[in-house]
Amino acid sequence: MKKSISILLMGLLSTTAVTAFAADQAVPFPEGYRNWLHAKSMLIQPGHALENPFQGLHHVYANKQAEAGLKTGKYADGSVLVFDLLQYQEKDKTIQEGERKLVGVMLKDAKKFAATGGWGFEGFAGNSKTERLVKDGGTSCFACHASEQKTDYVFSQYRP
């Protein structure tokens, strides 16, 4: 009986440690991001290499720390970049926003996310602030961003 209780407690402690680690590594939803600097917009159309899953209209936002990083090319811990990915419709010779597909987030923390260039990556499905899309700790996101090492793994550039 004592042995089975010890095994059960060890299992619970291990699960708690894993959960705490995962929570510690979690990138939070970026509340209020639409009030941040709007850095750029971009449309990915069918036929683009990133069509699946990123076809749509992207709006990129930067918090104050990331705004400074866009200008200098060096991002301080606490920098957050968001891409708001929306479906789009062509109507009356215009391209208009449709439903939100996801909110992608990059959070700079050089120590916490050292394995992915100092950036934590997350995607939130549709309009959800809790449904997370990144299942591999951001390694697949970083694999794409690795080509941008010269700009601290950020694709967007400052546009005055």
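Colleague: Is glutamate 67 buried or exposed, and why?

Modeller: This is a predicted model. Buried means under 20% relative accessible area. Glutamate 67 has 17% relative accessibility, so glutamate 67 counts as buried.

Colleague: Where is glutamate 67, and what is glutamate 67 in contact with?

Modeller: Helix α3, residues 64–72, holds glutamate 67. Set aside neighbours within four places in sequence. Glutamate 67 is then in contact with Leu37 and Ala62.

Colleague: Now aspartate 84. Buried or exposed?

Modeller: Apply the cut-off again: under 20% is buried. Aspartate 84 is at 1% relative accessibility, so aspartate 84 counts as buried. Its place is strand β3.

Colleague: With which side chain does the side chain of aspartate 84 make a polar contact?

Modeller: With that of tyrosine 33, at 3.1 Å. Beyond four places in sequence, the contacts of aspartate 84 include Tyr33, Arg34, His58, His59 and Arg100. Leu57, Tyr61, Leu102 and Val103 are also among them.

Colleague: On to empty space. How is that found?

Modeller: A probe the size of a water molecule is rolled over the atoms, which shows where empty space is left. Here, the largest pocket has about 740 Å³ of space. Elements giving two or more residues to its lining include β1 (37–44), β3 (80–91), β4 (94–108) and α4 (139–145).

Colleague: How many residues line the largest pocket, and which lie nearest its centre?

Modeller: The lining has 29 residues. Phe54, His58, Phe83, His145 and Phe155 lie nearest the centre. By class, the lining divides into 19 nonpolar, seven polar and three charged residues.

Technical notes:
Residues numbered from 1 in each chain as written. Predicted model: local features only at pLDDT ≥ 70, side-chain atom pairs only at ≥ 80, totals over all residues. Heavy atoms only, no water. 1 Å grid on protein atoms, 1.4 Å probe; cavity = no way out; pocket = protein on both sides within 12 Å on 5 of 7 lines; lining within 4 Å. Points joined across faces, edges and corners; volume = space filled by probe spheres on them. Helix = DSSP H or I, 4+ residues; strand = E, 2+ residues; numbered from the N terminus. Nonpolar A, V, L, I, M, F, W, Y, C, P; charged D, E, K, R; others polar. Buried < 20%, exposed > 50% of the residue type's maximum accessible area, 1.4 Å probe, protein only. Contact = heavy atoms within 4.5 Å. Polar contact = N/O pair within 3.5 Å; in protein donor to acceptor, adjacent residues only side chain to side chain.
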